[in-house]
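These are my notebook entries on one protein model. I looked up its contacts, its overall dimensions, its secondary structure and its nonpolar cores.

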Amino acid sequence: MSFIEPSFEIDTKGRVICQAHSSYPFFVMPGKTHYQEVQMEKILTCKTCKHYQVDECFFPKSEIDKIEEDRAERVSFKCVLCGNKIDRMLTIIQMLYIKQRKGIDLPLLCCICHETLKKKNFEEYYEKRLFIAVFLDLVIILGLIVSIVTMPPPYDIINSILFPVSIIMFKQILKKGFQLNLSVRDIRKGKKFYDKFFKS
Ligand SMILES: [Zn+2]
């Protein structure tokens, strides 16, 4: 039985596109409207590809399902530069395909980091994120200290931790909703990876 071999390209927005995908002509269609762009984001996955649906892709249907489950449910696939969850499954599929076919370990990069590498402003992006992350961590620590020091009796624990907790939640919202990971640890780890493999 012959399989459809995927092959990949990266578009101007840093999105990995499979050239064997049944919607490939739509993905690369020039002059898409805003609505069509939104539509493309929705269907830019193996799940909408006819080759997946009839199980004739190089990656068996069951394996694609498992990869997508791991991507969506757990944080198995993270960007090596910012620590964010990879939001597009084709980025992961490309990495797995190159590993299986060529034995090359391709680093997983989210679209934002890919874009910053291309524009050569990753270090700027890193410094901005680090500054915000350190600033918010300091606000959390200061908020805790101030609320403990100034806590009047009777000690209202709930009120005193409300402010730091709300900042932590704010960081989580930024991470999930806006793909802005503000964990100082992840940011520093990503910079080390950048210095080792990408810095020219
Ligand atoms: Zn990233």
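I counted two residues as in contact if their C-beta atoms, placed from the backbone, lie within 7 Å. With that criterion, residues 24 or more positions apart supply 57% of the protein's contacts that have a separation of 6 or more.

The model is predicted, so I noted that local features need pLDDT of at least 70 and side-chain atom pairs pLDDT 80 or more, while totals for chains, interfaces and linings use all residues. Residues are numbered from 1 along each chain as its sequence is written.

I then checked the dimensions. Along the principal axes, the C-alpha atoms fill a box of roughly 75 × 40 × 35 Å.

For secondary structure I used DSSP runs, numbered from the N terminus: helices (H or I, at least four residues) and strands (E, at least two). I found nine helices and two strands, in the order β-β-α-α-α-α-α-α-α-α-α from the N terminus.

I recorded 20% of the 200 residues as buried, that is, with 20 or more other C-beta atoms within 10 Å of their own. A nonpolar core joins buried Ala, Val, Leu, Ile, Met, Phe, Trp, Tyr and Cys residues through C-beta atoms within 7 Å. The largest has 13 residues, with Cys46, Tyr52, Leu90 and Ile93 making the most contacts inside it. Strand 2 (16-18) and helix 5 (89-102) each give two or more residues to this core. Another core, lying apart from it, has 11 residues, including Leu81 and Cys110.

Methods
Buried ≥ 20, exposed ≤ 12 C-beta atoms within 10 Å, placed from the backbone.
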